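Here is a walk through one protein chain, from its overall make-up down to single side chains. Keep the model open as you read.

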Amino acid sequence: MKANKFELVPPYAPRGDQPEAIGRLTEGLSRGDRFQTLLGVTGSGKTFTMASVMQAVQRPALVISPNKALVAQLFREFRSFFPENKVELFISYYDYYQPEAYIPSKDLYIEKDVQINEILERMRISTLKTAMSRKDVVTVATVSAIYASGDPRDFQSLNINIEVGQKIARNKLAYQLATIQYSRSEDVSSGGVFHMKGDVMEIFPPYEDFGIRLYFFDDEVERIASIESVSKKVIEDLDKIIIYPAKEFVTTEEKIHRAVNDIESELKQRVKELEGQGKYLEAQRLRQRTSYDLEMLTTIGHCQGIENYSRFFDGRKPGEPPYTLLDYFNKNEFVTFIDESHIAVPQLRAMFNGDHSRKKSLVEYGFRLPAAFDNRPLRFEEFLETVGQVIFVSATPGPFEMEHSTQVAEQVIRPTGLVDPEVIVRPVDNQVDDFLARMRETKTRGERGLVTVLTKKAAEMLSDYLNELGISSEYLHSELSTMERVEVLRKLREGSIDVVTGVNLLREGLDLPEVSLVAIMDADREGFLRSETTLIQTMGRAARNINGKVILYADRMTDSMKRAISETNRRRLKQLLYNKEHDVEPESIIRPLYENIFAQFEQEEDGDERAHANYVKGILQLKEELSVEEYTSLLEEEMLRSASELRYEDAAELRDEIYRVKNTTSRASSRKDPFGSQGNKKKRRGT
């Protein structure tokens, strides 16, 4: 295995304006530019450009993408680009996650409920180990990268170094393994276990796909070998091995004792505060719950909700940022790429406020110590301080990227020579019949279509209508499970259906080269679903087919439409001129049907969606107990989370609730002060 040097296996030589973009970004990193932007259109090979920059600078890379579907796709692509290097995946390891909550209006406490996906947990541990031990690593992550993780100092110092010829008692080694969360078991399927038979000890780290066999002669390590986990066949002999912790969160006995003392101290202070406020019930509740946790910590070294005490284990002061994945990298070495930055940056900004508001009632009503606030995601400013150089990547960069980037490298020319689709604006009257006629033409060419409407009900009704008239159709919206969504898109690609109707067709992040017609009904209705960014992204769905065409049905030209059409035409002109100058003949992308890369994440994503729905219900129930600022902060966090995961239907519903609350508050303020500036004038005139 060749380590510490990126070796790119390119699918093709850089083409179009890829060489210029790669060169400019590489030069920017070399001269120390803090922020840069890669403005790359759909299908221009942005992932390949990122990989080429990584190869050029030979530095570890962190790629943050806003949702798991896109992360899984990037993970697969980078593995194909760097087969000899380490490509890691770091996403939430929950199959299901229901956060701890308290609803004061109902005196209802909801205990944290989680189901951990062992495969994803092992991948996270592998990421931490690799980040600390190698330089030729690409880590693809969601915003989990800014959430609290274990102390990297403990993860590094608690590992076990074993060499041939070393003397160590097997019982002592077993104890050391137990302290870093390995368990003694014959079941090796989940990793993180070890067992002993006579003079042989076998260890199965969760971050490797092989086991380690140690041969002892008395207390001396006579031989070390890697073995296959199932057949137990020897793979190769090793001179030495480092065993890293089996869990993301590990610590020492000394830190546990210190933490217990600090927790007791904060408990006394907080109980005194609550009793001083006359909150005797809350004080008693906090004393009972925390005392039980302390007993568990001193007895078994763990307790339910231990993450709420992370500040004490880490030795952090109140308000100090937690350790995250970012701390496992050398700040001056790694490069951060933020993919789909127009949604990832707002998502990164929103995480802290929502998390703080969520825990407020737990702390106020005696369910948690104030230290629970410090088990949190990073503030956006803290994130920027922790990372080094950043490259934003998007077809539609947001305001932050454009304002802070020292340069914007455009990647508008596609390697295939394809140009942005022609955009046609048609009146709303008879839009369904007009689309039907155009869809029939598309079907005769053996190509497919996409059409977006404003509501889920409209998507279902339009799909039924098209089916009745001989155009095979299925709808796609947020109420379908991950498995169902993937199946609908598979049918579209293989030709079982002709068209997909939906409210938002950006969510999957998949290439659909068979699609040549994209229609946007009621395009003049401003909002999430008809913003400039969404329009450009939706138009891009037709950019992978040589016959690509976009129809906007509208009776007026909104500002979003004008900007989207103008930008598309600008790119289209540049592409046409390039093709003419270089004698490039455009060709449609030909790509085999995808394997279902979402298979191992389907259960997790559906669990996340259930948790999201439950959490939104909880927010709505907390409405009367929270201030307007806290309530809208929670709603805004979930709105941005939904938008970042391309669930624009859900985001639009949350946006409407935010508008309703703010408008209600505004009207209430007016009623409280009926004599505003205009009212005072009337009052003075009356007197």
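**A guided reading of the fold**

At 1% relative accessibility, Phe392 counts as buried. Buried here means under 20% relative accessible area, exposed means over 50%, and partly exposed is in between (1.4 Å probe, protein chains only). The model is predicted, so local features need pLDDT of at least 70 and side-chain atom pairs count only at pLDDT 80 or more, while totals for chains, interfaces and linings use all residues. Residues are numbered from 1 along each chain as its sequence is written, and side-chain values use heavy atoms, with hydrogens and water left out.

Phe392 has a ring partner. The rings of Phe35 and Phe392 have their centres 5.8 Å apart and their planes at 20°, so this pair is stacked. Rings of Phe, Tyr and Trp (its six-membered ring) pair if their centres lie within 6.5 Å; planes under 30 degrees apart count as stacked, over 60 as edge-to-face and the rest as tilted. The pair links distant parts of the chain. Phe35 is in strand β1 (residues 35-40), Phe392 is in strand β18 (residues 389-394), and 357 residues separate them. Helices (H or I, at least four residues) and strands (E, at least two) are DSSP runs, numbered from the N terminus. Phe35 is buried as well, at 9% relative accessibility.

Phe78 and Phe81 both lie in helix α3 (residues 68-81), three residues apart, about one turn of the helix. An α-helix has 3.6 residues a turn, so residues three or four places apart point the same way. The ring centres of Phe78 and Phe81 are 6.4 Å apart and their planes stand at 80°, so the pair is edge-to-face. Phe78 is buried at 0% relative accessibility, and Phe81 is buried at 8%.

Rings also meet charges. A charge sits over a ring if NZ of Lys or CZ of Arg is within 6 Å of the ring centre and within 35 degrees of the ring normal. Arg379 lies over the face of Phe352, at 4.1 Å from the ring centre. Arg311 lies over the face of Phe312, at 4.8 Å from the ring centre.

Now step back to the whole chain. It holds 21 helices and 25 strands. Buried residues make up 56% of its 687 residues. Contact means heavy atoms within 4.5 Å. Among contacts between residues at least 6 apart in sequence, 76% join residues at least 24 apart.

Next, the strands. Two strands pair if DSSP finds at least two bridges between them. Strand β24 (residues 515-520) has six of its six residues buried, so it is largely enclosed by the rest of the structure. Strand β21 (residues 448-452) pairs with β24 in the parallel sense over five bridges. Here Leu450 has Val518 in β24 as its bridge partner. Strand β25 (residues 549-553) also runs parallel to β24, joined by four bridges. Val518 stands opposite Val550 in β25.

A hairpin gives the antiparallel case. Strand β14 (residues 220-228) and strand β15 (residues 234-238) pair in that sense over four bridges. Ile227 has Val234 in β15 as its bridge partner. Five residues lie between the two strands, and Lys232 in the turn has a positive phi of about 65°.

Helix α16 (residues 532-539) is mostly covered, with six of its eight residues buried. Among them are Leu535, Ile536 and Met539. Glu532 and Glu567 are 35 residues apart in sequence and 9.6 Å apart in space, C-alpha to C-alpha.

Glu567 is in helix α17 (residues 559-581). Is Glu567 buried or exposed? Its relative accessible area is 17%, so Glu567 is buried. The side chain of Glu567 makes a polar contact with the side chain of Arg570 (2.9 Å). A polar contact is a pair of N or O atoms within 3.5 Å; within protein, one must be able to donate a hydrogen and the other to accept it, and residues adjacent in sequence count only if both atoms are side-chain atoms.

Thr49 belongs to helix α2 (residues 46-57). Thr49 is buried, at 0% relative accessibility. Leaving aside neighbours within four places in sequence, Thr49 is in contact with Gln18, Ala21, Ile22, Leu25, Leu38 and Gln411.
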